[in-house]
Amino acid sequence: MEEKLVFSRPEALTDMPTHYCPGCHHGIIHRLVAEVIDELGVRENTVGVASVGCSILAYDYFNVDMVGALHGRAPAVATGVKRGRPDSVVFTYQGDGDLAAIGTAEIIHAAARGENFTVVFVNNAIYGMTGGQMAPTTLDGQRTQTSPAGRDPHLAGHPLRMSELIATLSGPSFVTRTAVNTPARINQTRKAIKKAFELQLAGRGLGFVEVLSTCPTNWGLGAVESGQWVDSHMIPYYPLGVFKED
Amino acid sequence: MSEKILLKGNEACAMGAILAGCRHYFGYPITPQTEIPEYFAKHMPEAGGVFLQAESEIAAISMVYGAAATGRRAMTSSSSPGISLKQETISTLSAGDLPCLIVNVARGGPGLGCIQGAQSDYFQSVKGGGHGDYRLLTLAPNSVQEMMDLTILGFELADKHRNPVLILSDGVVGQMMEPVSVPEPVTSFPEKPWAAVGAKGRPKNIINTLHLNAAVCEERNRELQAKYKRIADAELRYEEIDTQDADLVLVAYGISSRIALTVKNRARAEGLKVGVLRPITLWPFPTEALRRLAERVKGFLAIEQSAGQMVEDVRLAVEGRAPVAFHGRSGGVMIQLDDVEADVRKLLGR
């Protein structure tokens, strides 16, 4: 019987087992980015910029040239990479602690300049790698190691909606928020990432794709419950949709 | 060599960078170095290069990190407080073996200090301003000509050793004007097969400084230390002037070395046997040269625009073989020739 290959690892992913927890969405999002790189045929021309947080080891998982940035600095590092090699395809892969707290200045100004690279922003409302501390995206009332009684807006303010904030700037060509907790949303996220890369290839400026993600370990939930928590808690505060499209 | 032109130290530095093939400058305004970004803003476009005014000192050095990772000759410049802000990335550039040039046109500190030139960033430059066991090859120009020449040399040494190079200048050398001979542009550049430019036809390149396994991290440190030894063995630069018969050797770098030379000339005119040792590289430091001199001179006088920083390395080199005196002013106040001369007479019993 003739065998037909129906599923394989994208060339833009390595075969290294990831360190991500069961139920974490990083693996799905990595795969979507890699599929888009393959589909566009740009793997040999791509430079990825990894950040600090759970996705810090992305430099091992993507099978493209990778640069590891310091905490929050990925958009500035990517600016240097893209300005250094304008013909390369450049993306950053950043979590919410990295992008929305310590790296707020870098993402705002890279977006304001309309830097021509793609930002994949993975928002799981918590600092994962350091063991579950409050992030700028932690929801009001959400319990973390540094908000043990739940996030108190009087003490910590309300969580930042980065897509809405970035969309107020004229530099970005595309700003969207998606999720990957259902098959339909996984497909939408792939399309959004592909669109952001295509806009970069067309020289249209920064594409910003926020993907809502899970952290079962630090949320204290199972894999299935975490996916449901995205629906019940995250999407009401972080609505899905396109916020800017030139 | 062409005929000489009159330049500010900061302009000479920026012009030298373009001659050295630097086409990527990222910076932020701070006095007294701002003529450097201003020069690039004007001249990078005509050189086909990138000038980008970053949102912060941290972003500027991060952009240098990104451009250097793609193999480009990249640089930033700042002055003391701004250089402090860059230190985490300077440590990381060192850990990542990324060649680049960082220029500190130093001013008085600590804190915001003042905008006048000073030499109180010596410790930060050569003892590790950022975290971890790393070394910056540090060059200290004492003239506008050297602001240009050492900038060009800095890019060459950075690429040769895959290490960041620091130019430790100061607000006086940066702001003063002198005639400069302009060399020909650099036309030969090394290959950089390690650069992150897209993995076409080869395994992927990774620029990374994280090692979760401590044994791997230690091995990486061993490699770095071996590199630092190679740099220390190959790149020491200093000059000795009239030290052959000297009873007293003035030790000074940068703008203070100009003062030391004048004091030495005046002393020699009076028959006093005074010499000068000027470190040009601050790391590596001319430890052996000082030790040799310590066997036969009556003493040393370290002169710095600081409360006394390099003098500690002089004392470490001399190891008690001869007395080491210190003359300094801190906070951006200039050392006065007459005051240094008075110290010289006192030390020589005159």
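The model is predicted. Chain B contains 13 helices and 15 strands, and its domain assignment gives two parts, domain 1 (5–199 + 207–234) and domain 2 (239–347). Where chain B meets chain A, the contact draws on 33 residues of chain B and 27 residues of chain A.

**Overall form of chain B**

- The radius of gyration of chain B is 20 Å, close to the 20 Å that the globule rule gives for 350 residues, so chain B is as compact as a globular protein of that length.
- Along the principal axes, the C-alpha atoms of chain B fill a box of roughly 70 × 50 × 40 Å.
- Of the 350 residues in chain B, 55% count as buried.
- Among contacts in chain B with a separation of 6 or more, 79% are between residues 24 or more positions apart.

**Domains of chain B**

- Domain 1 of chain B is assigned as 5–199 + 207–234, and domain 2 of chain B as 239–347.
- The centres of the two domains of chain B, taken over C-alpha atoms, are separated by 27 Å.
- Their contact involves 28 residues from domain 1 of chain B and 22 residues from domain 2 of chain B.
- On the domain 1 side, at least two residues each come from α6, β6 (137–139), β7 (164–170), α8 (171–175) and α9 (214–234) of chain B.
- The element that gives the most to this side is α6(B), with four residues.
- By class, the side of domain 1 of chain B that touches domain 2 of chain B has 15 nonpolar, ten polar and three charged residues.

- On the side of chain B that touches chain A, the elements giving two or more residues are β2 (24–27), β3 (50–53), α3 (57–69), α5 (87–95) and β9 (206–207) of chain B.
- The largest share of that side, eight residues, is supplied by α3(B).
- The residues on the side of chain B that touches chain A comprise 17 nonpolar, eleven polar and five charged.
- Strand β2 (residues 65–68) of chain A and β9(B) run parallel and are joined by two bridges.
- Within this pairing, A:V67 has B:I207 as its bridge partner in β9(B).

**Cis peptide bonds in chain B**

- The peptide bond joining B:T31 and B:P32 is cis, with omega about 5 degrees; B:P32 sits in the loop between β2 and α2 (35–43) of chain B.
- A cis peptide bond also runs from B:G109 to B:P110, with omega near -5 degrees; B:P110 is in the loop between β5 (100–106) and α6 (122–126) of chain B.

**Non-glycine residues with positive phi**

- A:A125 is not a glycine, yet its phi is positive, at about 65 degrees. The residue lies in the loop between β4 (118–123) and α6 (153–156) of chain A. A:A125 counts as buried because 29 other C-beta atoms lie within 10 Å, where the cut-off is 20 or more.
- B:E319, also not a glycine, has a positive phi of about 50 degrees. Its place is the loop between α12 (310–318) and β15 (324–328) of chain B. B:E319 has 11 C-beta neighbours inside 10 Å, so it counts as exposed, the limit being 12 or fewer.

Methods. Residues numbered from 1 in each chain as written. Chains lettered and ligands numbered in written order. Predicted model: local features only at pLDDT ≥ 70, side-chain atom pairs only at ≥ 80, totals over all residues. Contact = placed C-beta atoms within 7 Å. Nonpolar A, V, L, I, M, F, W, Y, C, P; charged D, E, K, R; others polar. Pairing = 2+ DSSP bridges. Domains from an automatic or database assignment. Rg over C-alpha atoms; globule rule 2.2 N^0.38 Å.
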